[in-house]
Amino acid sequence: MGRLTEKHNLKGTLVCVEGIDGSGKSTQITLLRDWLKSTGQDVIFTEWNSSELISQTTKLAKKKNMLSPRTFSLLHAVDFADRAKQVIAPALKAGFIVLADRYAYTAFARDVARGVDANWVRKVYDFAYRPDLAIYFDIDPKTAMDRICSNRAPKFYEAGMDLKLSNDPYESYLIFQGRVIKEYQKMVKEFGLVKLNATDSIHSKQIKIRQMLKEVLKEKGIEVN
């Protein structure tokens with residue numbers, strides 16, 4: 001697995017949050033970013049599928065529902081590789097705290113749930129640095145779907161409609177995201193992800209995350225109050 005199985009020796013700190021849509025991970029990492037900035041820390045934020053090099057191509061292909069599981073996987077890998085080179089690595093070398101809303105583990109969960117070989121996907125991402133703290137927000141697919149559907153219907157790929165699991169997008173969502181969750185749960189042990197209950201209060205989760213990060217930073221000689 002290359003870098004993902006060994007601690008990096010860079011000056012900065014890498015933190016990522018993982019979980020299916022509706023788990024509340026984005027809310028938590030935004031709160032974490034604002035808190036860190038308020039304490040005077042140098043912070044860089046990056047999110048999944050946001051590379052200027054490839055993200056628009058991916059969005060266009062998704063809009064046309066023309067992606068096979070392997071193509072889907074490769075496009076996201078290119079996006080990740082570009083951000084790793086242009087954003088993540090330079091920031092870590094400069095001593096920044098890098099906050100990632102989704103990391104390589106997202107590919108390991110989603111792509112494998114789509115039927116892509118697990119070992120192949122892991123090999124594609126073997127250049128990725130191991131996070132200093134990787135948090136997985138555990139939630140059942142029904143609760144996540146209820147949260148999402150309070151604002152919108154499930155998206156085509158989000159619901160796994162490309163896999164033809166069901167003609168009903170809501171039923172397809174439950175089946176597909178259930179598969180994704182199983183892959184995440186395997187990774188808790190495989191990669192040492194810290195599992196948090198996504199149904200706990202926003203405040204209690206944020207307190208736990210801040211405490212964990214404080215301990216990570218303390219090991220690097222950084223005190224945050």
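**Helix packing, cores and buried residues**

Helix 4 (residues 104-113) packs against helix 7 (residues 169-191) at an angle of about 135°, and their axes lie 8 Å apart. Helices here (H or I, at least four residues) and strands (E, at least two) are DSSP runs numbered from the N terminus; axes are lines fitted to C-alpha atoms, for helices over the stretch in contact, with angles from 0 to 180 degrees between N-to-C directions. The pair is therefore oblique, the class left over once angles under 35 degrees (roughly parallel), over 145 (roughly antiparallel) and 65 to 115 (roughly perpendicular) are taken out. Contact (heavy atoms within 4.5 Å) is made by Y105, T106, F108, A109, R110, V112 and A113 of helix 4 and by F176, R179, V180, E183, Y184, M187 and F191 of helix 7.

This is a predicted model, in which local features need pLDDT of at least 70, side-chain atom pairs count only at pLDDT 80 or more, and totals for chains, interfaces and linings use all residues. Residues are numbered from 1 along each chain as its sequence is written, and side-chain values use heavy atoms, leaving out hydrogens and water.

Setting aside neighbours within four places in sequence, E183 touches F108, A109, V112 and A113.

F108 turns up again in the largest nonpolar core, which has 63 residues; Y103, Y105, F108, Y125 and L213 have the most contacts inside it. A nonpolar core is a set of buried Ala, Val, Leu, Ile, Met, Phe, Trp, Tyr and Cys residues joined through side-chain atoms within 4.5 Å. Beyond four places in sequence, the contacts of Y125 include L4, W48, H76, F80 and F108. Another core, of six residues, lies apart from the largest one, with I54, L67, L75 and Y157 among its members.

I54 is also in contact with D79, as are N49, S50, S51 and S55, neighbours within four places in sequence left aside. D79 sits in helix 3 (residues 69-93) and is buried, at a relative accessible area of 0%.

Now for the backbone: most residues other than glycine have a negative phi. N49, not a glycine, has a positive phi of about 55°; N49 belongs to the loop between strand 2 (43-47) and helix 2 (55-63) and is buried at 12%. R102 also has a positive phi, near 85°. R102 lies in the loop between strand 3 (97-101) and helix 4, buried at 4%.

Conventions
Buried < 20%, exposed > 50% of the residue type's maximum accessible area, 1.4 Å probe, protein only.
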